[in-house]
Amino acid sequence: MAIETSNECMSVAQAQALLQQGVDCRGVGDHPPRFQTGDKVRAKVIHPITYTRLPRYVRGKIGTVTKVHGVYVFPDTVGQRLETKPQYVYSVRFAAQELWGPEAAAQDGLYLDLFDDHLDAT
């Protein structure tokens with residue numbers, strides 16, 4: 001289902017109000033999260049021709065779920081004015097050496113918030 005939005009430009013006052021109030025992007029899920037804290041996950045290797053919030057440098061890399069944030073609308077589809085496709089968001093820690101090789105500091109890592117559609121079980 002396509003998201004209907006106005007093609008009219010937002011006024012400065014409307015933009016300021018929107019920025020001050022924010023937008024609630026929480027969604028409702030009808031199933032439990034696919035992953036739990038401590039689960040190993042692999043970021044999918046995808047190359048969409050449209051927008052995605054999955055950074056290229058983590059695609060195919062293995063990380064560990066550190067937190068389940070809850071259900072949110074999926075920006076990859078909302079950005080195209082398609083469906084909201086609500087799904088779970090996870091904080092995933094990727095070891096620096098997994099991302100940048102053995103010369104990276106062993107204790108360093110990077111945390112990314114990724115959606116269900118961005119992850120596979122390992």
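Predicted model: local features only at pLDDT ≥ 70, side-chain atom pairs only at ≥ 80, totals over all residues.
Is Arg34 buried, exposed or partly exposed?

Residues are numbered from 1 along each chain as its sequence is written, and side-chain values use heavy atoms, with hydrogens and water left out.

Back to the opening question. Arg34 has a relative accessible area of 44%, so it is partly exposed. The cut-offs are these: buried is under 20% relative accessible area, exposed is over 50%, and partly exposed is in between, with a 1.4 Å probe and protein chains only.

Now the sheet. Helices (H or I, at least four residues) and strands (E, at least two) are DSSP runs, numbered from the N terminus. Two strands pair if DSSP finds at least two bridges between them.

Strand 1 (residues 40–43) and strand 2 (residues 62–72) run antiparallel, joined by three bridges. Arg42 stands opposite Ile62 in strand 2.

Next, the aromatic rings. A pair of aromatic rings is described by the distance of the centres and the angle of the planes. Rings of Phe, Tyr and Trp (its six-membered ring) pair if their centres lie within 6.5 Å; planes under 30 degrees apart are stacked, over 60 edge-to-face, and the rest tilted. How many aromatic pairs does a search of the whole structure find? Four.

Take Phe35 and Tyr90. Their ring centres are 5.4 Å apart and their planes stand at 70°, so the pair is edge-to-face. Phe35 sits in the loop between helix 1 (12–21) and strand 1, Tyr90 in strand 3 (residues 87–95). That links distant parts of the chain, 55 residues apart. Phe35 is buried, at 3% relative accessibility. Tyr90 is buried too, at 0%.

Another pair is Phe74 and Phe115. The centres lie 5.3 Å apart with planes at 65°, so this pair is edge-to-face. Phe74 lies in the loop between strand 2 and helix 2 (75–78), and Phe115 in strand 4, so the pair ties together parts 41 residues apart in sequence. Phe74 is buried at 4%, and Phe115 is buried at 7%.

Last topic: salt bridges. A salt bridge is a side-chain nitrogen of Lys or Arg within 4 Å of a carboxyl oxygen of Asp or Glu. By this rule there are three.

One joins Arg26 to Asp24, with the closest N and O atoms 2.9 Å apart. Both residues are exposed.

Our opening residue, Arg34, bridges to Asp116 at 3.3 Å between the closest N and O atoms. Arg34 is in the loop between helix 1 and strand 1, and Asp116 in the loop between strand 4 and strand 5, 82 residues apart. Asp116 is buried, at 8%.

Finally, Asp117 and Lys85 have their closest N and O atoms 2.5 Å apart. Asp117 is partly exposed at 26%, and Lys85 is partly exposed at 31%.
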